[in-house]
Amino acid sequence: MRVCTIGFTHKNAEDFFGRLKRSGVKRVVDVRLNNVSQLAGFSKRDDLKYFLKSILGIEYVHSPLLAPTQDILDEYKKIKGDWKVYEEKFLTLMDQRHIETQVSKDLIEESCLLCSEDKPHFCHRRLVAEYLGGKWGGLKIEHL
């Protein structure tokens, strides 16, 4: 089973949609807590859903279950918290939510997890993919 991840920051629409097209994914699973901000540009929820279907013929699904809580996010982003603390809190949250039983493998397979961060190193989409991979086994993760 394969899952991809992508962030929209520092990518123009051509680069973003080109990466998705080349990956061959069937859907984008939006794991952002906040996906309607003006700062999201072409990746605002309703616009992105339209673009993905019109340009690539792929599905869009928003999955807030795979997003951090506002408190966890604010502590890291607004208060400039420590990544290790954020990571620990988010891993605990996923464990408490039992996301491995709440999210269908069919939803994740051949999908691309989307959030805002440019690179996966300090991004919760990587944590989601790695967590599910650890619980399910056999999950190949590709960062676009």
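Modeller: Let us start with Lys78, which is exposed, its relative accessible area being 64%. Please bear in mind throughout that this is a predicted model.

Biologist: Which residue does the side chain of Lys78 meet in a salt bridge?

Modeller: The general idea is that side chains of opposite charge can pair when their charged atoms come close. Here the partner of Lys78 is Asp74, with 3.8 Å from N to O. Asp74 is partly exposed, at a relative accessible area of 22%.

Biologist: Which salt-bridge partners are joined into one network?

Modeller: Lys84, Glu87, Arg126 and Glu130 are linked in this way, through salt bridges that share partners.

Biologist: How many salt bridges does the structure hold?

Modeller: There are 15 of them. One of these joins Asp46 to Arg45, at 3.1 Å from N to O. Asp46 is exposed, with a relative accessible area of 51%, whereas Arg45 is partly exposed, with 31%. Another salt bridge is formed by Lys119 with Asp118, where the closest N and O atoms lie 4.0 Å apart.

Biologist: Let us turn to the helices. At what angle do helix H4 and helix H7 pack?

Modeller: Two packed helices are described by the angle between their axes and by the distance between those axes. In this case H4 (residues 83–97) and H7 (residues 124–136) pack at about 45°, and their axes are 11 Å apart. H4 is therefore oblique to H7.

Biologist: Is the crossing of H4 and H7 left-handed or right-handed?

Modeller: H4 passes H7 in a right-handed crossing. On the H4 side the residues in contact include Trp83, Tyr86, Phe90 and Met94. On the H7 side they include His124, Leu127, Val128 and Tyr131.

Biologist: Now to the strands. Which strands does E2 pair with?

Modeller: For each pair of strands, one reads the direction, the number of bridges and the residues that stand opposite each other. Strand E2 (residues 27–30) runs parallel to strand E3 (residues 59–62), with four bridges joining them. E2 also pairs in the parallel sense with strand E4 (residues 111–115), again over four bridges. Val28 stands opposite Tyr60 in E3 and opposite Cys112 in E4. Val29 has Leu113 of E4 as its bridge partner.

Biologist: Are the residues on the two faces of E2 and E4 buried or exposed?

Modeller: In E2 both faces are covered, with Arg27 and Val29 buried on one side and Val28 and Asp30 buried on the other. E4 is likewise covered on both faces: Ser111, Leu113 and Cys115 are buried on one side, Cys112 and Leu114 on the other. Five of the five residues of E4 are thus buried.

Conventions:
Residues are numbered from 1 along each chain as its sequence is written. This is a predicted model: local features need pLDDT of at least 70, side-chain atom pairs count only at pLDDT 80 or more; totals for chains, interfaces and linings use all residues. Side-chain values use heavy atoms; hydrogens and water are left out. Buried means under 20% relative accessible area, exposed over 50%, partly exposed in between (1.4 Å probe, protein chains only). Two strands pair if DSSP finds at least two bridges between them. Axes are lines fitted to C-alpha atoms, for helices over the stretch in contact, and angles run from 0 to 180 degrees between N-to-C directions. Angles under 35 degrees count as roughly parallel, over 145 as roughly antiparallel, 65 to 115 as roughly perpendicular and the rest as oblique. A crossing is left-handed if the near helix is turned anticlockwise from the far one by less than a right angle, and right-handed if clockwise. Contact means heavy atoms within 4.5 Å.
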